[in-house]
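Take a moment with the sequence and the fold, and then we can look at a few rings and a helix together.

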Amino acid sequence: IRALGSKCKILALGRHSFQGDLAKQFGADEVIEAGGMTLWKIIADRIGSKIIRGKFGFNYHMIGGVDFTYDTVTSSGTLNNALKFTRAGGTVAVLGLSYPKGFDWMPVWFKELKIVGCLSTGTENYNRRRVDTVQLSKELILEGKADLTPMITHRHKLEDFRKAFKTVLNRKNTGQIKSVFLFDD
């Protein structure tokens with residue numbers, strides 16, 4: 001978002017501190033590592049929204065909200081929060097590749113939210129031209145506006161593939177964001 005020139009306020013939700021550190025490095029104004037009602041209260045405080053409670057269960061809603069929410073996990077819990085944290089008429093981009101079950105569609109209808117799906121690549125309007133997102137990413141990297149190398153936290157030799165997969169599966173303890181295999185020339 002910063003590489004595209006946006007000055008908007010970016011709040012990132014992180015599960016682990018190493019993810020939050022990287023989010024800040026890439027331009028997040030604040031990283032929130034909280035869940036449940038604490039998360040709701042922090043979000044409402046940061047954006048000046050009000051939380052209201054429905055009659056039954058964990059049935060909370062936010063009056064106001066953010067303009068745009070990216071859900072990169074797309075579990076039923078993260079999608080529920082994304083829909084409820086987004087203001088009326090706002091947009092939720094669903095980037096996580098999963099099939100959430102049991103989430104509340106009511107915010108979509110009552111807030112008239114726009115839901116946008118994304119998988120790997122697309123075509124966008126940027127600087128008054130239509131451009132493929134992969135091409136745009138390459139341009140931003142070559143122009144020095146986006147350095148993605150900090151995302152590569154682990155490098156493995158191909159023969160160490162078992163260790164590589166264990167690293168990925170145990171990212172909470174390994175701090176893994178992205179792993180790459182190194183090939184001999």
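A residue is called buried when its relative accessible area is under 20%, exposed when that value is over 50%, and partly exposed in between. Please keep in mind that this is a predicted model.

**Aromatic rings**

By that cut-off Phe68, at a relative accessible area of 41%, is partly exposed. Tyr70 is partly exposed too, with a value of 45%. These two residues form a tilted aromatic pair, and Phe103 and Trp105 form a tilted pair as well. The structure holds five aromatic pairs; two of them are set out here:

| Pair | Centre to centre | Angle between planes |
|---|---|---|
| Phe68 and Tyr70 | 4.9 Å | 35 degrees |
| Phe103 and Trp105 | 4.9 Å | 45 degrees |

Elsewhere, ring pairs join Trp40, Tyr60 and Phe85 into a cluster.

**Helix α5**

Now for the helix. α5 covers residues 133-142, and its buried residues are Leu136, Glu139 and Leu140. Viewed down the axis of α5, these buried residues fall within an arc of 95 degrees, so they line one face of the helix. Their packing partners are β8 (123-126) and β9 (129-132).

Both ends of α5 are worth a look. At its start, a side-chain oxygen of Asp132 comes to within 2.9 Å of the backbone nitrogen of Val134. After the helix comes Gly144, which has a positive phi, near 80 degrees.

Terms used:
Residues are numbered from 1 along each chain as its sequence is written. This is a predicted model: local features need pLDDT of at least 70, side-chain atom pairs count only at pLDDT 80 or more; totals for chains, interfaces and linings use all residues. Side-chain values use heavy atoms; hydrogens and water are left out. Buried means under 20% relative accessible area, exposed over 50%, partly exposed in between (1.4 Å probe, protein chains only). Helices (H or I, at least four residues) and strands (E, at least two) are DSSP runs, numbered from the N terminus. The arc is that of the directions from the helix axis to the C-beta atoms. Contact means heavy atoms within 4.5 Å. A polar contact is a pair of N or O atoms within 3.5 Å; within protein, one must be able to donate a hydrogen and the other to accept it, and residues adjacent in sequence count only if both atoms are side-chain atoms. Rings of Phe, Tyr and Trp (its six-membered ring) pair if their centres lie within 6.5 Å; planes under 30 degrees apart count as stacked, over 60 as edge-to-face and the rest as tilted.
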